[in-house]
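Biologist: I have a structure open and would like to go through it with you. Can we take it piece by piece?

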Amino acid sequence: MDAYDGFLVDFDGVVWLGREPVPGSPEALATMLAAGKEVVFVTNNPTKRPAEYAERLRGMGVEVGPERIVTAGITVARLAAEAAGPGGSALVLGFEPLRELIAGEGLRLVDFEAPTEADVVVVSGWREFSYMSLLAAKQALDAGAALVATSHDPTMPMPGGEWPGTGAILAAVEICSGKVAEIGGKPERHLFELALSRIPAAKRVAMVGDRISSDIAGGHAAGLDTILVLSGTTGSDGGSEDQAAMAVKPDLTVANLAALVA
Ligand SMILES: [Mg+2]
């Protein structure tokens with residue numbers, strides 16, 4: 001911990017698994033904050049608003065403002081607005097907080113019954129995903145809409161094993177449309193740039209995450225040191241990571257966040 005004055009910290013698989021805190025992580029974060037470390041949470045998961053995440057952290061004894069939480073929802077909404085252009089419209093495969101962010105960028109949200117009105121299709125992890133929403137996305141894309149997504153993370157770490165992630169849904173959309181999405185979240189640069197802009201005074205910043213293909217590869221590409229925790233997706237066996245992803249080496253590997261402050 002002493003080697004850095006700032007940390008970008010992933011949520012899923014690092015701070016918590018589903019609704020369960022990773023043991024020791026809340027205390028470790030409180031220790032980092034008490035030591036004056038600049039912390040920004042960086043998540044590819046836009047299913048909650050930053051203020052809701054801040055509230056959840058507060059319930060664990062971790063006090064940060066919502067400005068210290070950035071989600072791929074924020075960056076993908078910006079990409080969607082750029083792709084659609086002024087007065088554009090979006091078909092959103094995602095939950096309400098993501099829909100709000102996209103509407104907040106000035107885009108009109110298109111109904112699933114009228115997909116060809118969309119200028120852009122936005123894909124994220126969504127438990128209501130269905131064949132009919134896949135069909136709507138394909139029809140929008142066939143009619144010329146652009147494609148953006150929060151991530152291509154194949155899975156989401158959960159207690160008892162991984163669940164399908166955004167990347168699983170995105171793969172279905174990409175394979176039936178022949179289009180390739182632009183990504184708003186990790187490992188692309190947008191979310192890292194947004195996070196670093198929130199802690200301009202931090203000079204030595206490390207990215208802490210559990211997925212090599214997004215957290216570690218993205219942190220490395222952003223010029224940061226990278227710290228892999230084994231409490232989430234990657235684990236000691238690589239989890240759902242493929243061989244190409246496993247070729248990217250973190251600067252440090254620890255069992256969990258608690259080990260970083262021990
Ligand atoms: Mg994670």
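Biologist: Which strands does α8 lie across?

Modeller: Helix α8 lies across β13 and β14 (225-229), and α8 runs at about 160° to β14. Keep in mind that this is a predicted model.

Biologist: What kind of unit do β13, α8 and β14 make?

Modeller: Together they make a right-handed β-α-β unit. Strands β13 and β14 run parallel and are joined by four bridges.

Biologist: Which residue in β14 stands opposite V208?

Modeller: That is I227.

Biologist: What about the other neighbour, how many bridges join β1 to β13?

Modeller: Four, and β1 and β13 run parallel. One place to look is F7, whose bridge partner in β13 is A206.

Biologist: How is a strand pair held together in general?

Modeller: Strands of a sheet pair through backbone hydrogen bonds, in either a parallel or an antiparallel way.

Biologist: In what order do the strands of the open sheet come?

Modeller: The order is β5-β4-β1-β13-β14-β15, six strands in all, with parallel pairing. At the edges are β5 (69-71) and β15 (252-254), each of which pairs on one side only. From one strand to the next, the twist averages 25°.

Biologist: Which residue of β5 stands opposite T43?

Modeller: T71. Strand β4 (residues 38-43) pairs with β5 in the parallel sense, over three bridges.

Biologist: Back to the helix. Where is A217?

Modeller: A217 is in helix α8, which covers residues 212-221.

Biologist: What does A217 touch?

Modeller: Apart from neighbours within four places in sequence, A217 is in contact with P187, I212 and V248. For scale, A217 and V173 are 44 residues apart in sequence and 24 Å apart in space, C-alpha to C-alpha.

Biologist: New topic. Which residues coordinate the magnesium ion?

Modeller: D10 (OD), D12 (O) and D210 (OD), at 2.0 to 2.2 Å. Along the chain, these donors follow the spacing D-x1-D-x197-D.

Biologist: Which loops hold D10 and D210?

Modeller: D10 lies in the loop between β1 (6-9) and β2 (16-17), and D210 in the loop between β13 (205-209) and α8, so the pair ties together parts that are 200 residues apart in sequence.

Biologist: Is D10 buried or exposed?

Modeller: D10 counts as buried because its relative accessibility is 5%, and the cut-off for buried is under 20%. D210 also counts as buried, at 2%.

Biologist: Now two other helices. At what angle do α3 and α7 cross?

Modeller: The axes of α3 (residues 72-84) and α7 (residues 189-197) cross at roughly 120° and come within 9 Å. The crossing of α3 and α7 is right-handed.

Biologist: Which residues make that contact?

Modeller: A72, I74, T75, R78 and L79 from α3, with H190, L191 and L194 from α7.

Biologist: One more region. How do β8 and β9 pair?

Modeller: Strand β8 (residues 120-123) and strand β9 (residues 146-149) pair in the parallel sense over four bridges. The chain gets from β8 to β9 through helix α5 (residues 131-142), in a right-handed β-α-β crossover.

Biologist: Which residue in β9 does V123 stand opposite?

Modeller: A149. On β12, A149 stands opposite I183, and β9 pairs with β12 (residues 182-183) in the parallel sense over two bridges.

Biologist: And V122, which strand is that in?

Modeller: V122 is in β8. V122 is buried, with a relative accessible area of 0%. Leaving out residues up to four places away in sequence, V122 touches several others, among them V76, A80, L93 and V148.

Technical notes
Residues are numbered from 1 along each chain as its sequence is written. This is a predicted model: local features need pLDDT of at least 70, side-chain atom pairs count only at pLDDT 80 or more; totals for chains, interfaces and linings use all residues. Side-chain values use heavy atoms; hydrogens and water are left out. Contact means heavy atoms within 4.5 Å. Two strands pair if DSSP finds at least two bridges between them. A crossover is right-handed if, with the strands pointing away from the viewer, the path from the first strand over the helix to the second runs clockwise. Donors are N, O and S atoms within 2.8 Å of the metal (3.2 Å for Na, K and Ca); water is not among the atoms, so sites may look incomplete. Buried means under 20% relative accessible area, exposed over 50%, partly exposed in between (1.4 Å probe, protein chains only). Axes are lines fitted to C-alpha atoms, for helices over the stretch in contact, and angles run from 0 to 180 degrees between N-to-C directions. A crossing is left-handed if the near helix is turned anticlockwise from the far one by less than a right angle, and right-handed if clockwise.
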